[in-house]
Amino acid sequence: MTTTSPPQPHAHLRADATYLFDARGVAKRFRHAAIFGALDALQAGEVMNFMNDHDPLPLLDQLRSRYGDGIDWVYLEREPHRIRIHFIKRIPGGSDVGAQTRP
């Protein structure tokens with residue numbers, strides 16, 4: 001008889017960890033909800049390396065409304081059909097984690 005241990009929750013082992021989120025593989029009708037879920041799961045100081053096929057300006061407006069100064073972002077690439085953004089969960093009361101490059 002084989003026994004299996006219960007699944008372990010994801011461990012955030014480093015406060016400065018970076019996690020990939022490729023929105024191109026998520027159905028459009030689920031994208032924003034999936035992105036919000038991923039950002040909500042970040043610990044302070046962690047980064048989500050976001051990839052998309054278009055500049056997500058409506059999403060950025062929603063992020064401002066939802067998170068205020070709690071999420072920072074920096075464009076790494078801003079080319080047609082190739083967008084890469086680092087979303088950074090800010091440390092409450094801490095200094096800026098990264099420079100903002102907002103549209």
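This is a predicted model: local features need pLDDT of at least 70, side-chain atom pairs count only at pLDDT 80 or more; totals for chains, interfaces and linings use all residues.

Me: In which sense do E3 (residues 71–79) and E4 pair, and over how many bridges?

Reply: A general point comes first: side chains in a regular strand alternate between the two faces of the sheet. Here the pairing of E3 with E4 is antiparallel and has 8 bridges; tryptophan 73 has phenylalanine 87 of E4 as its bridge partner. E4 (residues 82–89) is also antiparallel to E2 (residues 47–52), through 6 bridges, with isoleucine 83 of E4 as the bridge partner of asparagine 52.

Me: Which residues of helix H1 (residues 31–41) are buried?

Reply: In an α-helix, residues three or four places apart point the same way, because there are 3.6 residues a turn. In H1, Arg31, Ile35, Phe36 and Leu39 are buried. These residues lie on the same side of H1, because their arc around the axis is only 130 degrees. They pack against E1 (18–22), E2, H2 (57–67), E3 and E4.

Me: What has the most contacts inside the largest nonpolar core?

Reply: Nonpolar side chains tend to be buried together in soluble globular proteins. The largest nonpolar core here has 18 residues, and those with the most contacts inside it are Leu39, Met48, Phe50, Leu63, Trp73 and Phe87. At least two residues come from each of H1, E2, H2, E3 and E4, and H2 gives the most, with 4 residues. Beyond its neighbours within four places in sequence, phenylalanine 87 contacts residues including Leu39, Met48, Phe50, Leu63 and Trp73.

Note on methods
Residues are numbered from 1 along each chain as its sequence is written. Side-chain values use heavy atoms; hydrogens and water are left out. Two strands pair if DSSP finds at least two bridges between them. Buried means under 20% relative accessible area, exposed over 50%, partly exposed in between (1.4 Å probe, protein chains only). The arc is that of the directions from the helix axis to the C-beta atoms. Contact means heavy atoms within 4.5 Å. A nonpolar core is a set of buried Ala, Val, Leu, Ile, Met, Phe, Trp, Tyr and Cys residues joined through side-chain atoms within 4.5 Å.
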